[in-house]
Amino acid sequence: MTASVSGSPHAFKPVAKLNVVAFSKVLDRDPEQMNSLMTAIQTVGFFYLDISDKYSESMLNNLEECSSVMKSWFSEPDAVKNEYKTVSMASHGYKPIGSQAGTHGGRDGWEVLKTGTLEMASRWGLIPAVENHYETFSTFQRQCDYVSRMLLDRISHALGLGAESSLNRTHRGDCPSKSAVAYLHYIPMDPTGGNVGHNMHTDYGTLTLVFAPQWGLQVLYPIGPRGEDREWQWVEPRPNCAIVNVADVLHFLTGRRVISAVHRVLPLPDQHRYSVTYFLRPSDDTLMPDAEGNLINVMEWYTKKNNNYEAPAHTQDKSFLIGGLYKDGFGIIEGKGANEINVTNRTNR
Ligand SMILES: O=C(O)CCC(=O)C(=O)O
Ligand SMILES: [Fe+2]
């Protein structure tokens with residue numbers, strides 16, 4: 001099976017140049033591929049993971065089936081979806097459109113259903129659509145967990161973090177974590193600007209796998225002779241690849257040796273957009289040094305970030321929104337205008 005991509009490439013410029021890393025070779029610790037992976041996470045924080053090998057085929061097939069089940073679930077009435085509504089701190093349940101700030105000063109234009117990895121394994125609190133296809137959904141989630149854990153192990157090894165300091169130790173499989181699959185749906189561009197896109201952010205966990213067959217995702221890409229400036233660039237959808245990005249906890253746990261990449265999603269003018277992500281996150285009891293160097297529990301970090309996501313755009317602490325990672329320098333907070341979309345008659349909410 002070939003995972004398809006769609007959308008006109010001509011409307012989306014500039015396109016981010018991202019390294020392509022073959023998963024099958026990372027498994028074997030191939031030096032060239034590991035070099036490409038490590039360069040990517042130390043400079044941009046984003047890369048493509050090529051999963052076109054025959055062992056990953058079943059994962060792509062499961063992805064296709066889960067995506068199609070979720071696409072029809074998103075067309076259910078709000079009352080049905082809201083039965084599974086959770087507060088955003090939960091790594092499980094439904095978040096309706098508009099509960100966070102959007103990209104253009106109003107509220108967001110996306111909804112999501114999350115299935116926590118622990119909840120999926122325990123068959124707890126699943127929506128009927130997932131229950132009815134449990135084998136496929138749970139296998140897909142385990143496959144995502146496998147891929148992201150293998151990446152973490154190889155990164156840990158490449159950074160020289162062995163034995164006691166191995167990153168595997170803070171990502172135990174035998175205790176709770178906020179690891180989850182997220183099934184996302186973006187409404188088309190709202191011309192009034194009321195509900196637009198997925199605001200700029202860094203992910204708060206460890207590593208994220210993104211399966212996005214349509215355009216819309218943008219990364220704040222380093223430019224200039226020494227990468228000292230940043231601009232919004234489009235992440236091109238590529239068949240049989242996952243997009244991988246580094247998140248905050250990996251940045252902090254590695255002593256800031258890898259970049260937690262700022263990204264956002266702009267809606268398509270006239271199409272619904274669907275994507276699937278896997279968030280690998282540390283065990284809930286993990287301690288790490290935060291942006292100020294204070295040792296905090298990862299749950300405190302999640303709470304602080306979430307409160308910011310949900311606040312009205314004008315009251316958000318933007319440096320914190322993007323992980324507290326880029327306090328000064330960069331001048332990136334609004335980013336340079338890479339293909340901004342036009343919003344007219346924006347309503348303030
Ligand atoms: O939908 C996408 O392409 C990315 C979503 C994302 O960045 C997130 O959920 O954290
Ligand atoms: Fe994200």
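The model is a predicted one. The protein holds 10 helices and 14 strands. Of its 349 residues, 42% are buried. Take contacts between residues at least 6 apart: 77% of them join residues at least 24 apart.

Start with the sheet of 8 strands. This sheet is open, and its order is E1-E2-E10-E7-E12-E5-E4-E3. The pairing is mixed. Strand E1 (20-22) and strand E3 (93-95) stand at the edges. Each has a single partner strand, so one side of each is left without a neighbour in the sheet. On average, neighbouring strands here are turned by 25° against each other, direction ignored.

Two helices pack on this sheet. Helix H2 (residues 31-43) touches E1, strand E2 (46-50) and E10. The direction of H2 makes about 140° with that of E1. H7 touches E4, E5, E7, E10 and E12. The direction of H7 makes about 130° with that of E7.

Now look at E7 itself. In the sheet order, E7 stands between E10 and E12. E7 and strand E10 (residues 241-246) pair in the antiparallel sense over 4 bridges. Leu 207 has Val 246 as its bridge partner in E10, and Val 210 has Ile 243. On the E12 side, 5 bridges join the two strands, which also run antiparallel. There, Leu 207 is partnered by Leu 280.

How many of the 5 residues of E7 are buried? The count is 5 of 5, so E7 is largely enclosed by the rest of the structure. In a regular strand, side chains alternate between the two faces of the sheet. Both faces of E7 are covered. Leu 207, Leu 209 and Phe 211 are buried on one side. Thr 208 and Val 210 are buried on the other.

Helix H3 (residues 57-74) also meets E7, through its buried residues. H3 has 18 residues. From first C-alpha to last it reaches 26 Å, close to the 26 Å expected at 1.5 Å a residue. Which residues of H3 are buried? They are Met 59, Asn 62, Leu 63, Cys 66 and Met 70. Seen down the axis of H3, these residues fall within an arc of 105°, so they line one face of the helix. An α-helix has 3.6 residues a turn, so residues three or four places apart point the same way. The face of H3 turned away from the buried side carries the exposed residues Ser 68 and Ser 72. The buried residues pack against strand E4 (110-116), helix H7 (134-158), strand E5 (180-186), strand E7 (207-211) and strand E12 (273-280).

There is also an open sheet of 4 strands. Its order is E6-E11-E8-E9, and the pairing is antiparallel. Strand E6 (198-201) and strand E9 (229-234) are the edge strands, each pairing on one side only. Neighbouring strands of this sheet are turned by 25° against each other on average, direction ignored. Strand E8 (residues 217-223) pairs with E9 over 6 bridges, in the antiparallel sense. Pro 222 stands opposite Arg 230 in E9.

One annotation comes from a record. The unreviewed UniProt entry marks residues 178-282 as "domain: Fe2OG dioxygenase". That span is 6% helix and 44% strand. Its end C-alpha atoms lie 7 Å apart.

Note on methods: Residues are numbered from 1 along each chain as its sequence is written. Chains are lettered from A and ligands numbered from 1 in the order in which they are written. This is a predicted model: local features need pLDDT of at least 70, side-chain atom pairs count only at pLDDT 80 or more; totals for chains, interfaces and linings use all residues. Two strands pair if DSSP finds at least two bridges between them. Axes are lines fitted to C-alpha atoms, for helices over the stretch in contact, and angles run from 0 to 180 degrees between N-to-C directions. The expected span of a helix is 1.5 Å times one less than its number of residues. A residue is buried if 20 or more other C-beta atoms lie within 10 Å of its own, exposed if 12 or fewer, and partly exposed in between; C-beta atoms are placed from the backbone. The arc is that of the directions from the helix axis to the C-beta atoms. Two residues are in contact if their C-beta atoms, placed from the backbone, lie within 7 Å. UniProt positions are given in the numbering used here, feature names are shortened, and annotations may be inferred rather than shown by experiment.
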